[in-house]
Amino acid sequence: MVDITIRKRPYADAVVTQRKFLKKTARGKVVKILRERYLRDDVACGIENCRECDGGSLPFSGVASHKDYPQGHFLLPDTNVFLHQMDLIESPHFTSPLIILQTVVEEVRHRSLPLHSRLKALITSGDKKIWTFYNEFRSQTAVVREDEESPNDRNDRSIRKATAWYNTHLELTRPVRRGQPKPVIPTIILMTDDAANRQKAKEEGIPCHSTRSYIEGLSNFDDLSDLLAATDSNDLPEATASSRNVTLYSDYLPMSTLVAGVKGGQLHQGHFNANQYNYLEGSVPVPAFSKPVLLLGRENMNRAVQGDVVVVEVFPETEWKAPTDEVVDQDSTLKNDDPDNSGDEEEDAEIDAEEAKALGRGRQEKTQSSVKPSSERQPTGRIVGIIKRNWRAYVCHIDGGSLSSTLSTSLSQQSVFAIPVSRLLPRIRLRTRQAPTLLGQKILVTIDRWDLTSRYPEGHFVRALGRAESKEAEQESLLLEYEVPYRPFGKAILDCLPPEGDSWVVPPKSSTSPDWQNREDLRDLLICSIDPPGCQDIDDALHARMLPNGNIEAGVHIADVSRFVLPDNPMDSEAAARGTTVYLVDNRIDMLPSLLGTNLCSLRPHVERLAFSAIWELTPEAKIVQTRFTKSVIASKAAFTYEEAQIRKDDPHRDDDLTKSIRLLNSLALKLKAARMAAGALNLASPEVKIHLDSAESSDPIDVEQKEMRETNSLVEEFMLLANISVAQKIQESFPQTAVLRRHLPPPRTNFEKLQDILQKRRGMTLDVSSSGALADSLDQCVDPNEPAFNTLVRIMATRCMLSAEYFCSGSVSKDTFGHYGLASPIYTHFTSPIRRYADVLAHRQLAAAIGYQSLHPSLHSKQHVETILTNVNRRHRMAQMAGRASVEFYVGLALKARGTRDGKATEVQEEAFVIKVFRNGVGVFVSKLGIEGVVMFKNDHKFDPDAYTISLTSSAGKEATIAVFDRVTVSISVEKDKNTQRGKVAMSLISPVNTTGL
Amino acid sequence: MSTSKSEQSYTAQGLISNPPLRSDGRSLLDYRPICMSTGVYPQANGSAKVECGGSEVVVGVMCEIDHEGNEDHSFSANGRIKCNVLCTPSAYPAHSPPALDDLSYDLSVILSDVYSDPGLLPSNLVVVPGRKSWTIHIDALVTADGGNLLDVLFLAVRAALWNCRVPSTKNIEYKGSSQLGNESAFVTQHRTSHAADFEIKDFWEDGESLANRETFPIAITLNLLSSIHFLDATHLESMAAQSRLIFIYSFSQSTLEGNPTIRGIKYFGEAMPLKNVHTHMPNAQNYARELYSSSQMQLGVEESSRRQGRVAWR
């Protein structure tokens, strides 16, 4: 007989084993949540060779690096340490063995998700000696909440109890043995910045330290001191009493009030966007208004930083204002501010006056001519609270002017300003001992807090990236600035690759091989790939052939990435987190390990590769007769560049089958494109330039040119669109709730108002934005016969008025918003580049399930899961685009510099440019040849007509000229090095019609 | 459960004989042992299980936020109590599902009738005045019926409500600045009726007890047989009785000595002159008072032992 025992917990135990708590859901319901916990006595302490516990990894006798604990110690940090001092803990110089309590990990998760993921990464990385102790599950350390005890107090008590337990545990497991020396017992130190907790710990006889006092006792204090975050803890000796300082900002409202206000409709929630031209102006787009809420001045922006989720209060309509049309640069306005004693009244007054002037100018003018059309005014308000800070580490330069001592030997701590590379961020004040050495370097700085009394946020130094303008530093800073994960793939990820590595091949065809199950053998088809030159990750290939019935069979073959990237393994999670491959001018940050991207999945010619094929039967008029999808094995016959394919197609002497099939594809593509255009697809333009690199090694750019578009580019594009649309239809049909789709929402009409007005006033042209077709037509009408580039310019400006396309989960939005505005397609997805886009991998999995090839992983049935992934992918995608653009910009700068100093003598670079924006004291210009935008600033006042979008300039020679939007001008471009920040700045000045140097 | 005529008359004979004889040896006014425990469903806001002889009723009480303009437009600013009784097939193996539904419905109606009295509504169900309030859902499950079900049902519901904790909430509201431009003119938190929403005060604490929870009623079923009456009838005994007279009383600290409040009277069975009700009433009142005080004592013990359990565990 099998002996069955049922161990039922006695009823009285419930107090200990059950954790009950109440939760208010987003819909306003209150739910009671009950968690069971099972207490045990064998939760390991984590210290090596412990007499009682197994599997420890911390050194047996701790480390003796702290002067107060020569007998060795372990560190047990409180939650607040991870909340405020994460950079310190992450530093490679910080080597103390850490015991991290479950209570602490959970509390960190409640308080801040980004910090929680950093903490998790730290624990799993294996770089440090860390043990996670599940104190809530060990019966000796579990605590039950007492009556009237706040959750915070309970957690503190739990942490103290665990520390005390550890200390006794060490004593008990290392008893004194007769005849042997007394065992050396290391100490467990509680590290907390909460003075009350320290007080209680002292009473209970638990050794404890604040972060600062602990660090001060370490042998490598100097390496770590800069990383200490500025906290408002009392024991920070530098924290000067700021009571004498005037409060500059109003206090935030409590969170609950904010939520109530937002719910009640009196307040509005949104993301804060700083204005890159004017640091004293920001805006918050909110759903309640068609225009974003404008925030003018420091007080109203109330310490918000780009990207924060904020709550704004909107002023009554009589106080609504129009945005300023002036460039206000904080570098110049604030250049005299001293980081050590900002808050000095005199100086403050000076700055206030300066800022008020900057804000008031233009505005005053407006009130005088007060009949400003009310259409230009927009909701104006002020920030009353922050829902979520979005602070991260920012790439900065040290402001040289703010240093009090530049002696490189000076090791005294001083306050300096760090100026973020991004114009959207305020400068950050930080205290460092290394100021002189950091000068001229790119450094990473984190914001810690922003007090009511401080004009600037306080931050701390994280690490140096290298000399400014060195390519390594610039590139890393770029990746950091756009939050691109660029670490090399870890072991766990590489372990997911096929063990054969490079030598993996498609197994020989047999009925038993799992790779050949349900796979079609398309190795004999004449398949080729067409890609940009130098492309290594070939993820698509094409073929076309005539069918006996006169129709044409065309096929798109996509690398079968989902064969290698299996759901829910470390490689999959990493790819999902990266979201996309990021292309920089001279570098590529892969989404998948390069073995897959450039070898096993890359559809290289003359080798057998696994593919996922979409095959259509099309009439010669390119109407779809039939569509089918299948997993396949292909062997590409050739890999062409766009140029090679084009030459081959156009060469009348070539008449082989491959060339014929390219011609066939081309003829179909032309018809597909025509049909698409007829349906109202937009032909949008964005400035794309190509950087010529001198040689592969030095990668010094020598010149910039615009990318050329060939017929074959369009050929590939059409077939990819066709494949994407067909796949989208199929997966939406099969998985109506969770299909991974991509959409492009029609832009709100108000986005075009300004452009329409400019076009109307300057050129007498109208832009019909009622539908994408109408817009496409009217864009075609915007032609200036004398100015071939004008149309492109208008297209670029129209593109900027549009929303960006996004991935979404089909179950999450209503079906009538599925459409892709730009492509004029009712449904769309991404399927064709699974090597470099994660959404495509998901689409592959769903399509494979839709055709019955394999069952769908449960996670792809969960709407919530798909949504979470796609939100991240959308964000990564946006960031990748911006990073790519920034990389091009940086190289354009280098190229300009190279061009400027060619032949050893400085020559001026002059280019033609178009005016795209007119400010009161400057003009924004776009240099199409270089694909860059810049601002020409004027020092003197000029006649500015905001309604007609013109500005009249008088040159020093007395010549007067009026410049309007869309005018073609010549600018001289140079790269200037900002004196204070070492930041390379593209500086422009007008050459014609007026030479404005000195104006 | 069907019984034969002879069984019924045999039982009746025993009851009216002098001294009365009951199959389990009780006197006419004795209850079978009552076993009562509270907090049996940790997920619920309040719960109780009462066993008496062969009858067993489990009750769970859930508090739910109701808001103005809810789906069925039934919002009540002062809160509501909703009752539902479910008789399980295991309690009535002989009943067909429709018959079971009917029985459940009948019991639900009796319970709802009593608890729909606004006088019984606890005063602490208002969350946001005029906008949000608590609805108390009482779900009773009859898992076994060994007679005298109504008394057991009311006792169990009462114990569950006694055990119920309403989550403590705090009202929040946003009051816009009256004078714009003046930075300090910000008044943020007001405890007026302008509140728009609420938040949970402390997500770990269970909350507060229902106000006036001692007034929740107790039912006493008098089983009448010729000139005698008896309490806590078993199934067979209730078949033998000619009629049942049910009194539902509320007690409170002040009425314990004096007269309790009557919440309902039900009568089932052969026709009876009305004045008989009056003669039975004082008796019923005394029985109810006894039941009330003993149950109250038990509830007090349960509550303090739970608190002590927590303290002892420290």
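Visitor: Why does A:Ile725 count as buried?
Guide: This is a predicted model, and in it A:Ile725 has a relative accessibility of 19%; buried means under 20%, so A:Ile725 counts as buried. The residue lies in helix α22 (residues 711-734) of chain A, where it touches A:Ser825, A:Ile827 and A:Tyr828, leaving aside residues up to four places away in sequence. A:Ile725 and A:Arg742 are 17 residues apart in sequence, and their C-alpha atoms are 9.9 Å apart in space.

Visitor: What makes α21(A) roughly perpendicular to α22(A)?
Guide: The axes of helix α21 (residues 657-678) of chain A and of α22(A) come within 8 Å and cross at roughly 70°. Angles of 65 to 115 degrees count as roughly perpendicular, and that makes α21(A) roughly perpendicular to α22(A). The crossing in which α21(A) passes α22(A) is left-handed.

Visitor: Which residues of α21(A) and α22(A) meet?
Guide: On the α21(A) side they include A:Ile662, A:Leu665 and A:Leu668, and on the α22(A) side they include A:Leu715, A:Phe719 and A:Leu722.

Visitor: Why is the pair formed by the rings of B:Tyr115 and B:Phe216 called tilted, among the aromatic pairs in the structure?
Guide: The search over all chains finds 16 aromatic pairs. In the pair of B:Tyr115 and B:Phe216, the ring centres are 5.9 Å apart and the planes stand at 45°; stacked needs planes under 30 degrees apart and edge-to-face needs over 60, so this pair is tilted. B:Tyr115 lies in helix α2 (residues 97-115) of chain B, and B:Phe216 in the loop between β10 (208-209) and β11 (218-225) of chain B, so the pair ties together parts that are 101 residues apart in sequence. Both B:Tyr115 and B:Phe216 are buried.

Visitor: What makes the pair of B:Phe251 and B:Tyr292 stacked?
Guide: Here the ring centres of B:Phe251 and B:Tyr292 are 4.7 Å apart and the planes are at 20°; planes under 30 degrees apart count as stacked, so the pair is stacked. B:Phe251 belongs to the loop between β13 (243-250) and β14 (261-269) of chain B and B:Tyr292 to helix α5 (residues 275-313) of chain B, so the pair ties together parts that are 41 residues apart in sequence. Ring pairs also link B:Phe247, B:Tyr249, B:Phe251 and B:Tyr292 into a cluster.

Visitor: How do you know that B:Phe251 and B:Tyr292 count as buried?
Guide: The cut-off is under 20% relative accessible area; B:Phe251 counts as buried at 2%, and B:Tyr292 counts as buried at 3%.

Visitor: Why is B:Ile265 called partly exposed?
Guide: B:Ile265 has a relative accessible area of 42%; buried needs under 20% and exposed needs over 50%, so B:Ile265 is partly exposed. The residue is found in strand β14 of chain B and touches B:Leu245, B:Ile246, B:Phe247 and B:Met281, not counting residues up to four places away in sequence. From B:Ile246, 19 residues away along the chain, B:Ile265 is separated by 5.5 Å between C-alpha atoms.

Visitor: How do you know that the charged end of A:Lys24 sits over the ring of B:Phe198?
Guide: The charged end of A:Lys24 is 4.4 Å from the ring centre of B:Phe198, while the cut-off is within 6 Å, together with a place within 35 degrees of the ring normal; A:Lys24 is accordingly listed as sitting over that ring. Within chain A, A:Arg763 lies over the face of A:Phe790, at 4.6 Å from the ring centre.

Visitor: Why is B:Asp232 called buried?
Guide: B:Asp232 has a relative accessible area of 0%, so B:Asp232 is buried. Phi of B:Asp232 is near 50°, a positive value in a residue other than glycine.

Conventions
Residues numbered from 1 in each chain as written. Chains lettered and ligands numbered in written order. Predicted model: local features only at pLDDT ≥ 70, side-chain atom pairs only at ≥ 80, totals over all residues. Heavy atoms only, no water. Phe/Tyr/Trp six-rings, centres within 6.5 Å; stacked < 30°, edge-to-face > 60°. Helix = DSSP H or I, 4+ residues; strand = E, 2+ residues; numbered from the N terminus. Buried < 20%, exposed > 50% of the residue type's maximum accessible area, 1.4 Å probe, protein only. Contact = heavy atoms within 4.5 Å. Axes fitted to C-alpha atoms, helices over the stretch in contact; angles between N-to-C directions. Parallel < 35°, antiparallel > 145°, perpendicular 65-115°, else oblique. Left-handed = near helix turned anticlockwise from the far one by under 90°.
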